[in-house]
Amino acid sequence: TDSGAGSSAMKRPRMPTSPPSSSTSASCRFEWRPSRLGQAALLCLAGLGMFCVLACDLPAALAWPGALLVAAGVGVQLRRYRRLPACVVEIVPAAGIARCDGRPLQSLRLRGPLAFIGWRQADGRRAGRLFWPDQLDAAQRRELKLALRRPAAAAGAPSMAR
């Protein structure tokens, strides 16, 4: 018996293969501004923090000043957040360029579900921006992830020749 002839008749037709995807991404550009959702989250944390201080077993003479201290601390953070200047983050994966307002970025990283990007500035200081869902939709977050998937873009341009 020839088992090879019978099995060839049972073969399924092959599905057409999809075209190969490109390993390079187009450049992406995002404008960052302080988020209203981020400000609302800070206000909620202030309320929760004040409630926690007041609900603990501290005497009222310590709990109320503590709650006011929490409110003042969050107020300072909220003021700082609102005063952060808007910036434009631009990533060109093919050229390995990442910039924020035209300044080169090194060690660009993307973390977390809210899309926090962090980097080192030219002077070595760390900086970053958090993109809340009201700032980047799902498609833009995916575009950012794809742009940073390429190691050259994430590393930034080398600062000196080797």
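Mentor: Ala-67 has its place in helix α3; helices (H or I, at least four residues) and strands (E, at least two) are DSSP runs, numbered from the N terminus. Numbering of residues starts from 1 along each chain as its sequence is written, and side-chain values use heavy atoms, without hydrogens or water. The model is predicted, so local features need pLDDT of at least 70 and side-chain atom pairs count only at pLDDT 80 or more, while totals for chains, interfaces and linings use all residues.

With a relative accessible area of 1%, Ala-67 is buried (buried is under 20%, exposed over 50%, partly exposed in between, with a 1.4 Å probe and protein chains only). Residues up to four places away in sequence aside, Ala-67 touches Met-50, Val-53 and Leu-54, contact being heavy atoms within 4.5 Å. Between the C-alpha atoms of Ala-67 and Leu-54 there are 6.5 Å, although the two are 13 residues apart along the chain.

The axes of α2 and α3 come within 8 Å and cross at roughly 170° (axes are lines fitted to C-alpha atoms, for helices over the stretch in contact, with angles from 0 to 180 degrees between N-to-C directions).

Gln-39, in helix α2 (residues 36-55), counts as buried at 14% relative accessibility. Beyond its neighbours within four places in sequence, Gln-39 contacts Pro-34, Leu-78, Tyr-81 and Arg-82. Tyr-81 is also buried, with a relative accessible area of 14%.

The rings of Trp-32 and Tyr-81 are edge-to-face, because their planes stand at 85° with the centres 6.1 Å apart. This pair links distant parts of the chain, 49 residues apart: Trp-32 in strand β1 (residues 28-32) and Tyr-81 in helix α3 (residues 60-83). Trp-32 counts as buried at 1% relative accessibility.

Over the ring of Trp-32 sits the charged end of Arg-129, 4.8 Å from the ring centre (the rule requires NZ of Lys or CZ of Arg within 6 Å of the ring centre and within 35 degrees of the ring normal). Three strands, in the order β5-β6-β7, form an open antiparallel sheet; two strands pair if DSSP finds at least two bridges between them. Since β5 (106-111) and β7 (126-130) stand at the edges with a single partner strand each, one side of each lacks a neighbour in the sheet. From one strand to the next the twist averages 15°.

Four bridges pair β5 with β6 in the antiparallel sense, and Gly-118 in β6 is the bridge partner of Arg-109. The two strands form a hairpin with four residues between them, where Gly-112 in the turn has a positive phi of about 75°. Strand β6 (residues 116-120) is joined to β7 by five bridges, again antiparallel, and Arg-129 in β7 is the bridge partner of Ile-117. Helix α4 (residues 138-149) packs on this sheet, touching β5 and β6, and its direction makes about 140° with that of β5.

How values were computed
Phe/Tyr/Trp six-rings, centres within 6.5 Å; stacked < 30°, edge-to-face > 60°.
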